[in-house]
Amino acid sequence: MIYNEEFETLPREALEALQIKRLQQVVNRVYHTVGFYRKSFDKAGVSPDDIRSLDDLKRLPFTVKQDLRDNYPFGLFTVPMTNIVRVHASSGTTGKPTVVGYTKRDIDTWAELMARAFAAAGLTKNDIIHNAYGYGLFTGGLGAHYGAERLGASVIPMSGGSTKKQILLLQDFGPTAICCTPSYLMFLADAGKEMGVDMKSLKLRVGILGAEPWSERMREQIEAELDISALDIYGLSEIMGPGVAMECIEGRNGLHVFEDHFLVEVINPETGEVLPYGEKGELVFTTLTKEAFPLIRYRTKDISRLMPQICKCGRTFVRMERVSGRSDDMLIIRGVNVFPSQIESVLMDIEGLEPHYQLIVEREGSMDTLEVQVEVSEKVFSDEIRELQNLEKRITKDIKDYLGVTSKVKLVEPKTLQRFEGKAQRVIDKRQI
Ligand code: DLL
């Protein structure tokens, strides 16, 4: 099912004509309304008038997460706060989150793109969508919610957590679709089985799963355990939230990027050079229609490749291969984005800890676990065991409070963790997904 036949099946030529027109508009607008862009374009020696074809896109400078941080919280918005109707936020590389804003029209566009995503999963107004993405600053919950309503489906705004209740509603309300992270769906499947529920007998037909990397192997496992189609949805807060790209149920091979609203490029993360279709590199997005918070050539750090072959579903939009990893050290633990540097700054605010730590990420069953090992000072190490336990508790609490992730903290003797000559290897990721 194609939600917006007119745009989603535009012949390439017409699509590109629309894209260049929209690109020129957005480039002009950011140049004239946001000091940051004026400076960065001037520095790169490029003016909005230089953008005559889509090929000129590569003349524009990149935007990176640090730029968002430098302009925290609202510095890159192009409209006054009176026109902003919603803000969301996601983890930044330090304690401060990355903040994004939406006008009424932005929310409207987002709802349409999420409705398109649901339709690509084969859903219609006759479906009941159980939405277990978190509601709140995270874009997953409200993003999917508005899209489901736009489609006219019945949405169950469940949010994350409360496992038993999730299972109960899945049985009693009979949703035909579920939205959550793939690892959470595996967790729910296990939990349901433990409760004696036959998860295959639920009415669920399809999962709209994303917000973290996953693999074909995980897809097979989810599909077998729940007897559903498990489809991949991609997005990031900076660009909009979920619904930047979506896999279609007909193709099940790569995610269609909603190219009438976003320009996508793949670059070599080392050199910044634009790579041709088919080559693997870092995804870069430019928003074409966003009002409040347009972004020009935003480096996502997500690794993928573009597949231009026409899909059997009829959509003409290019597909991106499922994201295989990141070019930076961001971890996604149970759907929460965490940078090692954020954990470091929490640790460094606590007296008695040394700046030597290691993060060990594992997957037990379907649950990600995070262990934080940190060296304590000689003085602390000679304290009573109870004091050390209290310190562990305090660190666990601070990490939970500041970053939203549950961790197991292990204090270790001074000088026991490995030292590094070059780049420190802080993270040991043992997950096999
Ligand atoms: O995770 C938006 C989202 C919500 C997408 C619900 C899909 C479903 P952020 O919290 O800003 O936004 O995190 C964005 O998550 O740069 C990727 O690294 C990762 N990510 C998102 N979707 C996928 C996916 C939301 N399908 C960051 N596969 C992105 C792999 C994904 N990684």
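Predicted model: local features only at pLDDT ≥ 70, side-chain atom pairs only at ≥ 80, totals over all residues.
Colleague: OK, and which backbone atom lies 3.1 Å from a nitrogen atom of the ligand?
Modeller: That is a polar backbone atom of alanine 211, found 3.1 Å from a nitrogen atom of the ligand. As for cover, the ligand on its own has 610 Å² of accessible area, and the protein covers 97% of it.

Colleague: How many residues surround the ligand, then?
Modeller: There are 23 residues around the ligand, and the closest are Asp232, Ile233, Ser237, Asp302 and Asn337. Sorted by class, eleven residues of this shell are nonpolar, seven are polar and five are charged.

Colleague: Which element gives the largest share of that shell?
Modeller: Strand β7 does, with five residues. The elements that give two or more residues to the shell are α6, residues 139-151, and β7, residues 229-236.

Colleague: Switching to the fold, what sheet does β7 belong to?
Modeller: Strand β7 is part of an open sheet of nine strands with mixed pairing, in the order β4-β3-β5-β6-β7-β8-β9-β14-β13. At the edges are β4 (154-156) and β13 (306-307), each of which pairs on one side only.

Colleague: In what sense do β5 and β6 pair?
Modeller: Strand β5, residues 177-180, and strand β6, residues 206-210, pair in the parallel sense over four bridges, and alanine 177 has valine 206 in β6 as its bridge partner.

Colleague: Which helix lies across β6, β7 and β8?
Modeller: That is helix α9, made of residues 216-226, which runs at about 130° to β7 as it lies across β6, β7 and β8.

Colleague: What about the open sheet of four strands, what is its order?
Modeller: Its order is β10-β11-β12-β15, and the pairing is antiparallel. The edge strands are β10 (262-267) and β15 (325-326), each pairing on one side only. Strand β10 is joined by six bridges to β11, residues 281-287, the two running antiparallel, and leucine 263 stands opposite threonine 286 in β11.

Colleague: Last topic, the backbone: where is the cis peptide bond?
Modeller: The peptide bond from tyrosine 72 to proline 73 is cis, with an omega near -10°, and proline 73 lies in the loop between α4 (65-70) and β1 (86-90).

Colleague: And which residue has a positive phi although it is not a glycine?
Modeller: That is serine 162, with a phi of about 50°; serine 162 is found in the loop between β4 and α7, the latter covering residues 163-172.

Technical notes
Residues numbered from 1 in each chain as written. Heavy atoms only, no water. Near = heavy atom within 4 Å. Polar contact = N/O pair within 3.5 Å; in protein donor to acceptor, adjacent residues only side chain to side chain. Areas by Shrake-Rupley, 256 points an atom, 1.4 Å probe, with all protein chains shown as cover. Nonpolar A, V, L, I, M, F, W, Y, C, P; charged D, E, K, R; others polar. Pairing = 2+ DSSP bridges. Contact = heavy atoms within 4.5 Å. Axes fitted to C-alpha atoms, helices over the stretch in contact; angles between N-to-C directions.
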